[in-house]
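Please open the model in a viewer and keep the selection tool at hand.

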Amino acid sequence: MELLAHNFSSDFARSAHLARGASADDDGALVAFRDPQQMSLLVRATAFVFADPRSRQLHELIERIAPSEATVLITGETGTGKELIARHVHGLSGRAEQTFVAINCGAFSETLVESELFGYEKGAFTGAQQGKPGWFETASGGTLFLDEIGDLPLAMQVKLLRVLQEREVVRLGARRAIPIDVRLIAATNVDLAEAVRAGRFREDLYYRLQVIGLPLRPLRERPGDIMPLTRHFMAIYAQRLHLGEVELGLDAQEALLAYPWPGNIRELENVIHRALLVCRSGVVRSEDLSLSGWHRAPAAAPVSVPGPEAWAGGADIAYAAHGAAAQDDVLAAERFARAWQALLDSGEAVEFEAMQQELVRAAWERNERNQVRTAKHLNLSRNILRTFLKKAGAID
C-alpha cells in the first residue's frame, strides 16, 4: 500500500449510492471507488461486496459504529479489503467530508517511523532543513488509517499510546505539544492477542485500539461475495481493455467457487484481469483463470520424520526444518516434537541460530517467498522476519 492522503467524500457519495441500491444480481451492498481505473493504482482491490450473510452482519455492525468517534481495529488476512472497510467506516462517519489518510506501518524503518508519524522540527536530525508535520497532523480533522499496526516497534507503541490518550503529538526535536483531532482506524493481519502474550505488542495499546473490533473474514469463508466481486472486476477490466461485453462460462463459475483464494479479494481481481486478457470470443472459461492444480488437490501422503538412528548418523538439521514446514498439514505436532527430541538425545552439537535460520528459510519458501504470509505462518512481525531472512542471506 502506498502512502496517500485523499478526500473521500466524493468517492463515498457514489459508493454509498451503490450500497443503498445494489443490483438484483448481487443482492448485496457494493462498496467501490468512484473511479476504479484511477484508484486501483493505489489500492489493487477496488471493491467490497456485502452479499454473503457473514458480510451482511459486518455491514450492519459498520453502520452502527461508524458515526461514533471510537477507535476501530480491523483484523483479517492480507488482501481481504481492510483498507476498503476503513474507508467505508470513514465515509459513514461525521468526518466523511474531511481527509482520509492511509499509511502502512511496515513500510517504515525503525529510524523513520517516529518522524513520519509525529513529524519533526528544523534541525531535529542531519538533513532536516525545515520542519515537517507528521501523518497525525496531516489527518487532523479526519481519519488516520494505520495498516500493519503489529509491525510498529515497541518504542513507537509507547508513543502512539500517549498520543491516543492525550490527543496531541510532539514533533521530533520539539518541546511543544500540538493538539490533534483524529479518528484512528488500525488494521493488522497478525494475531495481536498472541503478540501481546509473546511480548511483541503492548497490552495497554491493544485494548486502546480494540474499542471496536471488526474481524474481516477471508474470501473462502464468505463465498456469497465471490460472484458479485467477479462481475464487478469483469466490468472494470472489460471497459479498460475495450472488450465490450464479456461472459463468464459455467465451468469458470464453478472453478471460482471451488478455489480457496489464499490471496483473497486482491488475488481475485488479478485472476479476473488476466482471464480477460487471454479469453477468446468474449467468454471466460475455467482454463483462462489459471487455477488448475488448486481445485480439490488430493491430500499429500504423510512423510515420516527421521527417527533416532538418522540423527545419530548426523542427519542434516535442515531436513527436519524443511520437512516440517512443507508438511505442516499432515504431520502431527507430537511427531515433530519427537524428532527434535531424538536430535537432542543423539548428543550431536545443536547450532540454535542455524536451526532458526533454516526454519525461517523453509517457511519463506513454503509461502512462495511472501513475507506477509511467512510472518503470519511463524507468528512474527514482518520486521522481525526480515531480520532473520537477512541473517540467513535470503534477502539483502
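Begin by selecting helix 17, residues 371-378, which supplies three residues, the largest share of the lining of the largest cavity. Helices here are DSSP runs of H or I with at least four residues, numbered from the N terminus. This is a predicted model, in which local features need pLDDT of at least 70 and side-chain atom pairs pLDDT 80 or more, while totals for chains, interfaces and linings use all residues. Residues are numbered from 1 along each chain as its sequence is written, and side-chain values use heavy atoms, without hydrogens and water.

Next, select the whole lining: Glu148, Gly150, Asp151, Thr188, Asn189, Val190, Val372, Ala375, Lys376, Ser381 and Arg382. A cavity is a set of points on a 1 Å grid over the protein atoms alone where a 1.4 Å probe fits but cannot get out, and lining residues have an atom within 4 Å of a point. This lining comprises three nonpolar, four polar (Gly counts here) and four charged residues. The space inside is about 90 Å³, and the structure holds three cavities of 30 Å³ or more.

Now move to helix 5 (residues 110-118) and helix 7 (residues 154-166), whose axes, lines fitted to C-alpha atoms over the stretch in contact, come within 11 Å and cross at roughly 15°. Helix 5 is therefore roughly parallel to helix 7, a term for angles under 35 degrees.

Finally, display the side chains of Val113, Glu114 and Phe118 in helix 5, which meet Met156, Lys159, Leu160 and Val163 in helix 7 (contact means heavy atoms within 4.5 Å). By class, this contact has five nonpolar, no polar and two charged residues.

How values were computed:
On a 1 Å grid over the protein atoms alone, a cavity is a set of points where a 1.4 Å probe fits but cannot get out, and a pocket is an open set with protein on both sides within 12 Å along at least five of seven lines; lining residues have an atom within 4 Å of a point. Grid points are joined across faces, edges and corners, and a volume is the space filled by probe spheres set on the points. Helices (H or I, at least four residues) and strands (E, at least two) are DSSP runs, numbered from the N terminus. Axes are lines fitted to C-alpha atoms, for helices over the stretch in contact, and angles run from 0 to 180 degrees between N-to-C directions. Angles under 35 degrees count as roughly parallel, over 145 as roughly antiparallel, 65 to 115 as roughly perpendicular and the rest as oblique.
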